[in-house]
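Open the model in your viewer and keep the sequence panel beside it. The tour goes stop by stop, with something to select at each one.

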Amino acid sequence: ISRLNQTYLPTLLLSPFGLLLLSAVFNTIGQQAIWGQYPNYMQKVFQIDPALSATALTVAAVFTLIALSLGGQWMASSGPESLYLMALTLRLIAAGGLIVLAGRGSLPTFLPLAMYVIFLLGIGWIDLTSPELAARKSTATTAATQGFLLSALAIGSILGNFVGGWSAET
C-alpha cells in the first residue's frame with residue numbers, strides 16, 4: 001500500500017462518508033435480522049399464517065412503488081439527506097412497534113403486518129437515497145465510492161442474517 005493510501009483511507013472512513021457507511025452497516029444489520037426471519041417472526045411471535053404474511057409483502061411492494069415516486073419528488077426538492085433520515089426514523093418506529101407488539105398477547109393480525117409494511121417502505125427510500133448520499137459525501141472515485149457502499153451493505157447483510165438466525169433459535 002502506498003503512503004498516500006495509508007493516510008487517505010483512514011481519513012475517508014472518518015469523514016461524513018465514513019459515517020454514512022457505518023449507518024449503512026447498522027441499518028442493514030437491522031433490516032436483514034428482521035427481513036431474513038420475517039415468516040418465522042410472523043408465525044411464531046404473532047401467530048400469523050405464512051400465506052397472509054406473503055400477502056402483506058405484496059401490499060408492501062405496491063406501497064413501495066408509490067413511496068419511491070414520492071421519494072424521488074422529495075429528493076428533487078429537498079435533497080437526499082432529509083429523506084434518508086425520514087426513512088431511518090420510520091424504520092426505527094416500525095421496528096420498535098414490532099418489539100412492543102411482540103410482548104403483547106392476542107392482537108389484531110393487521111397490527112404487526114402494518115408495522116412490517118411501514119418497515120419495508122423505509123427500505124425503498126434508503127435504497128433510493130444511499131447512492132446519491134455516497135456520491136455527495138465521498139472524496140473517492142465513483143467506482144471506489146460504490147465499492148465501499150456495497151461492501152458496507154454486504155457486511156451488514158452478513159451480520160444481520162447471523163443476528164436474525166441466532167435470535168430465531170434463542
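A residue counts as buried when its relative accessible area is under 20%. Keep that cut-off in mind, and remember that this is a predicted model.

**Stop 1: Gln32.** Select Gln32, which lies in helix α2. Its relative accessible area is 14%, so Gln32 is buried. Now show its neighbours. Leaving out residues up to four places away in sequence, Gln32 touches Gln37, Gly156, Ser157, Gly160 and Asn161.

**Stop 2: the whole chain.** Zoom out and colour by secondary structure. The protein has seven helices and zero strands. Along the sequence the pattern reads α-α-α-α-α-α-α. Along the principal axes, the C-alpha atoms fill a box of roughly 60 × 40 × 20 Å. Of the 170 residues, 36% count as buried. Take the contacts between residues at least 6 apart in sequence: 81% of them join residues at least 24 apart. The accessible area comes to about 9,700 Å², and 70% of it belongs to carbon and sulfur atoms.

**Stop 3: helix α4.** Select residues 50-78, the 29 residues of α4.

Go to the start of α4. There, a side-chain oxygen of Asp49 comes to within 2.8 Å of the backbone nitrogen of Ala51. At the other end, α4 is followed by Gly79, whose phi is positive, near 85°.

Which residues of α4 are buried? Select Ser53, Ala56, Ala60, Thr64, Ala67, Gly71 and Met75. Look at how these numbers are spaced. An α-helix has 3.6 residues a turn, so residues three or four places apart point the same way. What covers the buried residues of α4? The cover includes α3 (38-45), α5 (80-102) and α6 (110-137).

**Stop 4: the aromatic pairs.** Show the side chains of Phe, Tyr and Trp. The structure holds four aromatic pairs. Start with Phe17 and Phe148, an edge-to-face pair with 6.1 Å centre to centre and 75° between the planes. Phe17 is in helix α2 (residues 16-35) and Phe148 in helix α7 (residues 142-169), so this pair ties together parts 131 residues apart in sequence. Phe148 is partly exposed, at 25%.

Next, select Trp74 and Trp125. Their ring centres are 6.1 Å apart and their planes meet at 70°, so this pair is edge-to-face. The pair links distant parts of the chain: Trp74 belongs to helix α4 and Trp125 to helix α6, 51 residues apart. Trp74 is partly exposed, with a relative accessible area of 26%. Trp125 is buried, with a value of 13%.

**Stop 5: an aromatic cluster and a charge.** Select Tyr38, Tyr116 and Phe119, which form one aromatic cluster. The charged end of Arg91 sits over the ring of Phe119, 4.3 Å from the ring centre.

Methods. Residues numbered from 1 in each chain as written. Predicted model: local features only at pLDDT ≥ 70, side-chain atom pairs only at ≥ 80, totals over all residues. Heavy atoms only, no water. Helix = DSSP H or I, 4+ residues; strand = E, 2+ residues; numbered from the N terminus. Expected span 1.5 Å × (residues − 1). Buried < 20%, exposed > 50% of the residue type's maximum accessible area, 1.4 Å probe, protein only. Contact = heavy atoms within 4.5 Å. Polar contact = N/O pair within 3.5 Å; in protein donor to acceptor, adjacent residues only side chain to side chain. Phe/Tyr/Trp six-rings, centres within 6.5 Å; stacked < 30°, edge-to-face > 60°. Lys NZ or Arg CZ within 6 Å of the ring centre and 35° of its normal. Areas by Shrake-Rupley, 256 points an atom, 1.4 Å probe, with all protein chains shown as cover.
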